[in-house]
Every structure is written in C-alpha cells, then in structure tokens.
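Here is a short briefing on one protein chain. Take a look at the model, then work through the points below.

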Amino acid sequence: MAVAAAALVAAAGCGNEHRLSKSEYEHAVRSAYGPVRAAFLETRVGPGDLAERVASAQDRLRQAAERLEEVKPPKDVEQENEEIVEGLREYAHDLDELAAAARRGDAAAIEDFTARISDNEAVNQVAEAAEEMKFKGYDLGRIASD
C-alpha cells in the first residue's frame, strides 16, 4: 500500500507522465472516494446542520474529482475515469439545490431531492463508469457499489 501511495505522489508531482498500473489506479479511486463516502454518511443529520454537511460533501466530491483528474489511469479505463471525474463535479453542483433547501429549512424540498437521487444523471454517470470498470476486473471499492 505504501508503494501505491508513493507512486500516486510521484505521478501527481511529475506532470502525469506515469500511467498508473491497475492496482495503483484501484488504490487511487478507493482513496479519493473514501472521504466522499464519509462526508455523505455525515449528512444524516437534522435540517439545521444539513446545509453545512452538504457543503462539506460538495468539497469532498470536488477534491475527489481533482485527484482522479490528476492521475493517468490505465489505458483501458481512461474514458471511464473521465466520466467519473465529470460525474463527481456535476453532482457537487447538483447538491446546491439540496443545500439551498436545507438553508431554507424546506423539509419537502429536501425529501424531494433525496427521493430523486437514484434518477440523478451525474450519480448514474459515476455508477455506470464504475460498473464498466468493475466488468473489466477493477476493484474500486464502495464507488462501484454505492
């Protein structure tokens, strides 16, 4: 694991010249997505704290997208990586609606947003890209099953 982390640091520091191996890439995705998942688990709070927690989740989504954009994935999942990066960023943007509803204390709008998550285009884009990588034999951890 330390070798994979060192490779990621080296890859980020050398202008993306190093294409990650399959295992390095799997580790990069799991590492980038872990904080996103943790942030969403922290959104299970009352409306008073929700806006702040959603903002934190948005930050983590953007950070994960940035981290994955900086790596050079294996050639066979290059397109899927781009789709995940785009989807993470778009979902961070989509969450503005939820944050606004939370700031207003609009429980109906919060419930409506939550009910529509499974239909969200960005969420589905990330899920489909992760699923495609899973079919190619990649173990991406929770991003492929959330």
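Which residue lies over the face of Tyr-138? Lys-22 does, at 5.3 Å from the ring centre. A charge counts as sitting over a ring if NZ of Lys or CZ of Arg is within 6 Å of the ring centre and within 35 degrees of the ring normal.

This is a predicted model: local features need pLDDT of at least 70, side-chain atom pairs count only at pLDDT 80 or more, and totals for chains, interfaces and linings use all residues. Residues are numbered from 1 along each chain as its sequence is written, and side-chain values use heavy atoms, with hydrogens and water left out.

**The whole chain**

- The chain has 6 helices and 0 strands; helices are DSSP runs of H or I with at least four residues, strands are runs of E with at least two, and both are numbered from the N terminus.
- Along the sequence, the pattern reads α-α-α-α-α-α.
- Of the 146 residues, 38% count as buried, meaning under 20% relative accessible area with a 1.4 Å probe, protein chains only.
- Take contacts (heavy atoms within 4.5 Å) between residues at least 6 apart in sequence: 67% join residues at least 24 apart.

**The aromatic pair**

- The structure holds 2 aromatic pairs. Rings of Phe, Tyr and Trp (its six-membered ring) pair if their centres lie within 6.5 Å; planes under 30 degrees apart count as stacked, over 60 as edge-to-face and the rest as tilted.
- One of them joins Tyr-25 and Tyr-138, edge-to-face, at 6.2 Å centre to centre and 85° between the planes.
- Tyr-25 lies in helix H2 (residues 22-41) and Tyr-138 in the segment after H6, so the pair ties together parts 113 residues apart in sequence.
- Tyr-25 is buried, at 0% relative accessible area. Tyr-138 is buried too, at 5%.

**Ala-57**

- Ala-57 sits in helix H3 (residues 47-70).
- Its relative accessibility is 1%, so Ala-57 counts as buried.
- Leaving out residues up to four places away in sequence, Ala-57 touches Ala-39 and Phe-40.
- Phe-40 is 17 residues from Ala-57 in sequence, yet their C-alpha atoms are 6.0 Å apart.

**Asn-120**

- Asn-120 is in the loop between helix H5 (107-115) and helix H6 (121-135).
- Asn-120 is buried, at 12% relative accessible area.
- Beyond residues up to four places away in sequence, Asn-120 touches Tyr-91 and Asp-94.

Definitions and conventions. Buried < 20%, exposed > 50% of the residue type's maximum accessible area, 1.4 Å probe, protein only.
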